[in-house]
Amino acid sequence: MALSTSSAITLNINGEKHALPVDHRTTLLDALRERLDLTGTKKGCDQGQCGACTVLLDGRRTVSCLQLAVAAEGREITTIEGVADGERLHPVQQAFLDLDGYQCGYCTPGQICSAIAVIEEHAAGWPSAATADVRPGPEVPPLTAEEIRERMSGNLCRCGAYVSIVQAVARAAGAEVTGDAEVTA
Amino acid sequence: MREFGYQRAHDVPGALAVLGADPEARALGGGTNLVDLMKAGVERPALLVDLRDLPLDRIEATDDGGLRIGATVSNSDLAAHPEVRRRYPALTQAVLAGASGQLRNMATVGGNLLQRTRCGYFTDLSKPCNKRTPGSGCPAVEGEHRNHAILGASAHCVAVHPSDMGVALAAFDAVVSYETADGPGEVPLAEFYLPVGDTPHQETALPPGALITAVTLPPAPVAALSRYRKVRERASYAFAIGSAAAALDVRDGVVHDVRLAFGAVASRPWRAREAERVLIGGPASAEAFGTAADAELAAAQALPDNGYKVTLMRNLVVALLTELAEEAGR
Amino acid sequence: MTTTTTGSSALTGAVGTAHTRVEGLAKVTGAARYAGEIPFAELAHGWLVLSTVARGRIRSVAADPVLAMPGVLTVLHHGNAPRVEGDYMGPLGPPDPVLQLFQHDRVPYVGWPVALVVAETSEQAREAAEALTVEYDTEPHDVAFSAGRSGMHTPEGSAAGKGDLAAALAASAVVVEAEYTTPEEHHSPMEPHGATAHWDGGRLEVIDSNQGSRFVADELAKLFSLDADAVRVRSEHIGGAFGSKGTRVHAVGAAMAATVLHRPVRVVMTRRQMFTLTGYRSPTAQRVRLGADPDGRLRVLDHQADCQTSTVYEFMERSADFGRPLYDADAHHTVNRVVPLDVPTPTYMRAPGEAPGSFALESALDELAEKCGVDPIALRVRNEPVVGPLSGLPFSSRNLVACYEEGARRFGWADRDPRPGIRRDGRWLLGTGMAAATFPMLSAPSTAVVTAEADGTFTVRIAASDVGTGARTALTQVAADALEVSPERIRMRIADSSFGPAILAGGSMGTRSWAWAIITAAGELRERLALGGAVPPEGITVRSDTSAAVGALAQTQKERYTFGSQFAEVAVDVSTGEVRVRRMLGIFAAGRIVNPLTARSQFIGGMTWGLSMALHEEATRDQASGGHVGADLAGYHFAANADVPHIEADWVDDPDPDDPVGIKGIGEIGIVGAAAAIANAVWHATGARQRHLPIRPDRVLRAAGGAPGA
């Protein structure tokens with residue numbers, strides 16, 4: 001049986017439907033960048049090892065380089081181009097801008113999409129590898145700097161902007177950064 | 001990446017029919033390992049059967065007090081599940097120690113068990129590898145093997161299984177359920193991975209064309225006090241160089257029950273049964289923990305550059321069990 | 001943009017004030033387009049095929065079956081590629097022969113480009129490239145780097161020194177001698193190297209990710225024997241570079257394929273390809289000998305640093321240069337040696353030489369401090385030179401002691417108990433360490449074009465690059481002050497080779513050199529405007545060229561450097577070998593700081609690189625195949641967010657009244673000394689010296705005495 005190696009699909013991206021034929025090999029990342037001219041989502045490694053291609057799939061952060069486009073049909077896709085409210089930046093975007101949470105900017109869209117999800121995951125009570133006691137308790141533990149660092153670790157930044165990224169995520173989350181060793185005595 | 005067909009399965013019999021009809025078909029879960037290996041040319045399926053729509057994404061309590069975890073439950077949902085966190089905290093910790101938030105959202109329980117080694121020779125088509133190309137040789141034995149196996153390996157393959165989740169599942173006696181065209185079956189995780197021997201390319205006891213449907217955790221009161229510790233060359237987003245899942249039940253200073261499993265030391269999550277045997281009924285002391293670790297690691301066979309793992313695992317066992325013993329005493 | 005001054009007041013004072021990035025909005029919204037992201041009609045996609053053998057000749061390239069695959073347009077290889085010129089002098093010397101793409105059948109290392117497959121889609125190009133069968137006649141290879149191995153030699157100009165080594169050693173009451181190694185390290189910018197090339201009206205237009213659009217344009221013109229103005233290269237946004245983004249084979253391949261196919265061609269490297277095609281920092285093996293009086297005054301500074309290069313091009317990691325301006329000693333000898341191996345050619349990587357060199361020498365200083373029982377800062381202050389130790393020239397400015405004092409005060413150094421291995425927090429042993437940093441201050445000729453527009457705004461055109469440094473914003477501030485207007489009235493256009501010659505972003509000299517050209521042009525423009533009269537519709541344009549001024553400064557003989565002090569606190573679990581950095585502080589003397597917001601980011605970024613170098617980074621080479629194992633971002637670790645603690649960077653006043661610009665480079669100084677500060681802190685925590693980077697868990701375990709093995 002000769003298998004079809006392409007499909008006509010419809011992708012729902014940032015609230016808009018896009019009909020397109022795709023080669024099954026096409027990842028969501030390549031579909032966004034090369035077929036739909038949504039180049040805000042970045043290709044850093046194409047292997048799920050850097051997080052630059054992070055988008056939200058049904059509200060959850062996902063690396064789009066390992067997500068086949070054909071398998072993303074029927075799901076709500078949100079990219080960096082879709083996180084602002086019109087002209088008004090998302091609070092995470094604003095915090096990255098104000099606190100210089102980036103340098104070259106290439107990992108930035110992925111960092112921002114990831115941070116948006118991190119804040120939601122934390123609010124939903126999801127523990128992380130930095131959570132001392134993962135057993136469910138009456139209260140969600142605070143979003144400390146250590147928690148932010150661990151939760152944001154799937155987004156590599158080679159310029160070394162992590163310090164201000166942590167501050168930006170904390171500001172956007174409305175969290176006081178606590179639990180941080182002070183550098184100065 | 002080679003061209004391939006794609007189908008979305010809507011029920012288990014439908015998925016089995018497609019998988020059974022084409023030996024070159026592969027089941028697609030989260031794709032976090034399979035798609036990567038397809039890009040690398042290591043996996044070359046003719047057809048992908050997408051499991052996303054299958055009704056295997058639930059975590060349910062079993063009648064005997066255990067948990068049945070559907071095969072397509074995401075790592076994130078597994079880790080965040082209140083009953084998992086309450087009854088098997090080391091499992092939540094193990095899952096959260098793996099990969100990244102993004103990958104955990106995509107990756108499934110079934111896929112985690114079936115993921116392939118990250119050995120740098122296995123994932124590079126330009127190099128020999130007995131697991132990828134049987135008979136081509138294992139360059140890691142003479143080459144780069146700092147992060148390779150010290151237990152249960154052979155001269156044919158010294159790769160380690162990369163799973164964190166699997167280590168906790170092994171400690172808690174998980175059972176893998178599957179379906180085939182001929183009906184359902186199940187296999188304890190302890191027997192799920194085949195010995196390496198001279199067939200490192202044959203990795204699991206899963207029959208051809210079978211589909212993992214669930215992983216069941218039997219009730220394990222000891223697991224309520226459990227912990228997973230992972231050591232790696234980066235603080236996060238890196239595979240283990242050594243890890244351990246431990247659970248401890250101490251009564252009057254005596255080890256009443258204990259579970260211990262190791263990660264990143266063997267071709268499978270390594271249940272440390274010898275250590276457990278030594279510990280049961282003995283004192284909950286650092287000395288006893290060390291003796292038990294030594295008993296388990298007596299079988300270790302180190303290569304020139306991975307002998308540190310023996311020390312690392314011994315220290316990890318002592319530290320982890322000591323912490324649990326202190327917590328039990330509180 | 002946040003500014004303290006608006007309107008047209010005479011003194012805006014933009015320089016020295018925090019400004020968010022000019023292109024910040026574009027970067028946080030995803031609107032900023034990088035090289036591989038500009039849409040083109042009829043775009044074809046090229047995929048490079050690299051050699052899988054380390055030495056030999058290409059016997060055959062089976063192009064025909066691949067040409068029959070869907071969408072494949074061409075397969076370029078040594079049997080059919082157009083001629084590429086190689087006999088020319090580039091801006092940084094003769095070109096690396098790898099740029100002469102597909103000109104012969106010889107293979108000098110694993111990862112040498114052997115073919116380019118071009119197809120209609122990237123998926124087709126990738127599958128076809130992977131299907132291309134290339135056969136080789138292989139020869140034995142040698143990729144084994146070690147200190148003093150056969151073939152290691154000292155090229156002319158690689159050694160410097162004074163004094164009688166043997167006599168000074170004999171006179172030394174205390175001697176430290178140790179060998180330090182650093183591994184092969186890779187730049188790994190987040191944006192892979194990519195270029196799109198097409199011909200437009202007789203001109204080769206290239207959109208490329210590089211750190212010097214003019215450099216790349218000039219090099220492509222020479223490679224393809226074109227007039228200089230027949231090539232235009234633009235690089236609006238660059239996703240990190242760190243030394244790896246000069247002219248690279250993806251751009252050559254894209255230009256070649258666009259010429260052959262008469263349509264736009266894009267070539268983007270895969271992450272794996274980047275590990276062999278974009279340069280790297282050579283591994284180093286360094287021997288340091290220090291001899292001193294009991295109070296720590298140096299009699300001997302002897303630093304020998306070995307590195308590797310390829311068999312086709314000599315690039316040296318000049319690690320031993322680091323100590324030349326830093327400390328005086330009666331006998332002061334530094335030598336860099338190199339061995340050619342069957343490996344890719346290394347290149348400049350953030351603080352080339354100074355990064356590995358500072359690890360060795362600043363670690364050795366710490367060992368000497370221990371042996372002498374002298375505080376590490378006091379030891380360094382005791383050996384501060386008044387003039388250049390080897391040159392005898394005065395320093396243009398040297399505020400290193402101020403960096404020590406300010407750093408010590410803020411870090412709480414005075415309370416430090418020097419004894420190792422006595423502080424504990426749960427399972428963690430704690431320790432602190434420090435190190436010195438220095439980096440040369442260089443300048444290079446550049447040109448700038450500044451136009452006063454009729455609407456009262458100003459347009460600045462300069463072939464500068466913003467690789468993430470904040471150069472675009474800093475230059476806007478510089479231009480605003482030079483023109484005495486608010487930054488909002490400056491339109492800064494950069495990264496276009498047609499704007500004229502300019503230095504690339506490298507050597508910590510970009511912003512300094514570009515600012516110089518802008519200040520020069522702006523000054524002349526202000527004089528023209530001061531003459532009065534209306535600005536015509538086409539504006540008034542002034543062009544500057546700093547060649548003469550840069551040359552004149554070089555005539556005033558001085559030692560010109562930036563300086564800094566690095567502090568780190570670490571926690572070490574000796575039972576698992578894990579090392580965590582708990583805090584870092586860097587204090588720098590680096591001239592006038594243009595933009596405190598982005599400058600702080602750049603310093604901290606460099607320090608983060610130092611942390612990453614100390615604990616994580618290491619490319620592993622398989623001796624059997626000659627290639628890497630794990631050439632990806634899971635196999636090559638650089639620091640993730642969880643590895644990086646709170647880091648503070650700040651600066652002391654560093655005026656240089658004789659300097660026409662006052663701005664020094666800050667891109668590299670942040671990494672210098674940082675790894676040594678961490679290694680010294682690990683010793684303070686555990687009592688065991690870590691002389692080999694990275695400080696991996698297995699190394700810490702072995703040092704703790706428990707673990708066997710190499």
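# A tour of chains A, B and C

Begin in chain C: the C-alpha centres of its domain 1 and domain 2 lie 34 Å apart. This is a predicted model, where local features need pLDDT of at least 70 and side-chain atom pairs count only at pLDDT 80 or more, while totals for chains, interfaces and linings use all residues. Residues are numbered from 1 along each chain as its sequence is written, with chains lettered from A and ligands numbered from 1 in the order in which they are written.

**Stop 1: the two domains**

Select 24-32 + 443-555 of chain C for domain 1, and 396-441 + 560-710 for domain 2. The bounds come from an automatic or database domain assignment. Domain 1 of chain C puts 15 residues into the contact, and domain 2 of chain C puts in 14. Contact here requires C-beta atoms, placed from the backbone, within 7 Å.

Now pick helices H11 (471-483), H12 (510-530) and H13 (547-555) of chain C; each gives two or more residues to the domain 1 side. Helices are DSSP runs (H or I, at least four residues), strands likewise (E, at least two), numbered from the N terminus. H12(C) gives the most to that side, five residues.

**Stop 2: a sheet in chain C**

Select strands E7, E15, E14, E13 and E8 of chain C, in that order: they form an open sheet with mixed pairing. Two strands pair if DSSP finds at least two bridges between them. At the edges are E7 (159-162) and E8 (174-182) of chain C, each pairing on one side only.

Zoom in on E7(C). Four bridges join E7(C) to the antiparallel strand E15 (331-341) of chain C. Find C:Lys162, with C:His332 of E15(C) opposite.

Next, show helix H8 (354-372) of chain C. This helix lies across E8, E13 (284-292) and E14 (298-310) of chain C, at about 150° to E8(C). Such angles run from 0 to 180 degrees between N-to-C directions, with axes fitted to C-alpha atoms, for helices over the stretch in contact.

**Stop 3: around C:Val117**

C:Val117 is among the residues with the most contacts inside the largest nonpolar core, which has 414 residues. Beyond its neighbours within four places in sequence, C:Val117 touches residues including C:Trp47, C:Val72 and C:Leu132.

**Stop 4: chains A and B**

Finish by selecting chains A and B: 35 residues of chain A are in contact with 32 of chain B. On the chain A side, E4 (60-63), H3 (108-123) and H4 (145-151) of chain A each supply at least two residues.

Conventions
Two residues are in contact if their C-beta atoms, placed from the backbone, lie within 7 Å. A nonpolar core is a set of buried Ala, Val, Leu, Ile, Met, Phe, Trp, Tyr and Cys residues joined through C-beta atoms within 7 Å. A residue is buried if 20 or more other C-beta atoms lie within 10 Å of its own, exposed if 12 or fewer, and partly exposed in between; C-beta atoms are placed from the backbone.
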